[in-house]
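Thank you all for coming; I would like to take you slowly through one structure this morning. Please look at the picture first, and then we will go through it piece by piece.

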Amino acid sequence: MSDAKIFDELMMRRAIELARRGQGLVEPNPAVGAIVVDSSETILGEGWHQKYGGPHAEVHALDEAGTAARGATLYVTLEPCCHFGKTPPCSRAVIAAGIRRVVIAVRDPNPRVDGGGIEELRSAGLVVEVGILEQEAKRLVAPFINLITLHRPWFHAKWAMTLDGKIATRTGHSKWITNEASRAIVHQLRGRMDGILVGIGTALADNPALTARPKGSRIATRIVIDSYARLPVESQLAQTVSEAPVLVLTSANAPSDRCSRLREAGVEVLMIESDSNGKPDLNAVSREFGRRRFTNVLVEGGGQMLGAFFDNRLIDEVHTFIASKVIGGSDAHSPLAGRGLDSMTDCPSIDQPVVEMLGSDIYLHGQMIKH
């Protein structure tokens, strides 16, 4: 690998690090980072997309570089936009700044861009290179790509389990499997989500609040899949609607009086098309979330709900917390119920899993590779 290529990758890796600072703040837009570098390989300006509706990463980096940007190279994790949206086109700002060369990690799949920004830059005489650290950049903007191309959010599956793969004892007791450090990570995850989802079984058994403590960059809608609208108005969820919205997704089988009581308590109740078992169809659920422009949704359980998402091939990313404990018992609860798979050859795997030690707990996370 040439020295120039090594330097390009070094700068793009830095731009990806900058982009991550915007996660949870910019959705449904993508997290983007940018760096302006002169011919002597000196960084003149850095930027990232900091909030939805605000200036994009390229603008921040160009502003920091000022007039020194003329003749320099711009590294950016995603193709600069070429249309008017919340902000003017970044492609025009790049051209006006006098940038000579643009290095882009990944092309923008948004139909309003999709190569248009690259073409505009090249037409203006700029040298444009695409594909530096492309896979790393794609992982960064995968939720945005899902929303743009599949019209549904990126589903994060989270569970905490013992070494023998149990999420609760045979009696249903589960507090607490993991330690405080693991639970703190869960709250950080909640703080950058658009939605946090559980099944009615978990809502009834655990009476969770499903809020981020301390508050994160987003306030997630708390979602319960509840075919018969059984969520009690006395539940923590219903009692805290002033802190964060609550959405109950139910079926045509839900008694109208129960739905009315929940609505009177401030809970949004929405009937969703049912699957063959009379439960809200998860593909219809995902389309509804896409319509609401949810980008990231955390599925917290329990086993039946996680298993249903797995069976419908909707899990995009996994967050597993493994405690150094053993429960045992054939009737103890497992993370994924549902049908499961027939053959090991059908098993999805985790793409470049990250493993972290959190005291005595293990945190394994990564994006799912689906066959």
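Predicted model: local features only at pLDDT ≥ 70, side-chain atom pairs only at ≥ 80, totals over all residues.

Helices (H or I, at least four residues) and strands (E, at least two) are DSSP runs numbered from the N terminus, and two strands pair if DSSP finds at least two bridges between them. Five strands form an open sheet with mixed pairing, in the order β2-β1-β3-β4-β5, and its edge strands, each pairing on one side only, are β2 (43-48) and β5 (127-130). Neighbouring strands are turned by 15° against each other on average, direction ignored, where axes are lines fitted to C-alpha atoms, for helices over the stretch in contact, and angles run from 0 to 180 degrees between N-to-C directions. Within this sheet, β1 and β3 pair in the antiparallel sense over four bridges. α4 packs on the sheet, touching β4 and β5, and its direction makes about 150° with that of β5; contact here means heavy atoms within 4.5 Å. α2, for its part, lies across β1, β2 and β3, and runs at about 150° to β2.

Now to the interior. A nonpolar core is a set of buried Ala, Val, Leu, Ile, Met, Phe, Trp, Tyr and Cys residues joined through side-chain atoms within 4.5 Å, and buried means under 20% relative accessible area, exposed over 50%, and partly exposed in between, with a 1.4 Å probe and protein chains only. The largest such core has 41 residues, and those touching the most other members are Met12, Val36, Tyr75, Val94, Ile99 and Val102. Its largest share, seven residues, comes from α1.

Leaving aside residues up to four places away in sequence, its contacts include Phe7, Met12, Ile35 and Val103. Rings of Phe, Tyr and Trp (its six-membered ring) pair if their centres lie within 6.5 Å, and planes under 30 degrees apart count as stacked, over 60 as edge-to-face and the rest as tilted. By this rule there are five aromatic pairs, and one of them, Phe7 with Tyr75, is edge-to-face, at 6.4 Å centre to centre with 75° between the planes. This pair links distant parts of the chain, with Phe7 in helix α1 and Tyr75 in strand β3, 68 residues apart. Phe7 is buried because its relative accessible area is 13%, and Tyr75 is buried too, at 2%.

Finally, α6. Why do we call this helix largely enclosed by the rest of the structure? Because six of the eight residues of α6 are buried, namely Ala142, Pro143, Phe144, Asn146, Leu147 and Ile148. These buried residues pack against β3, α5, β6 (154-161), α11 (282-291), β11 (296-301) and β14. After α6 comes His151, whose phi is positive, near 60°.

Methods:
Residues numbered from 1 in each chain as written. Heavy atoms only, no water.
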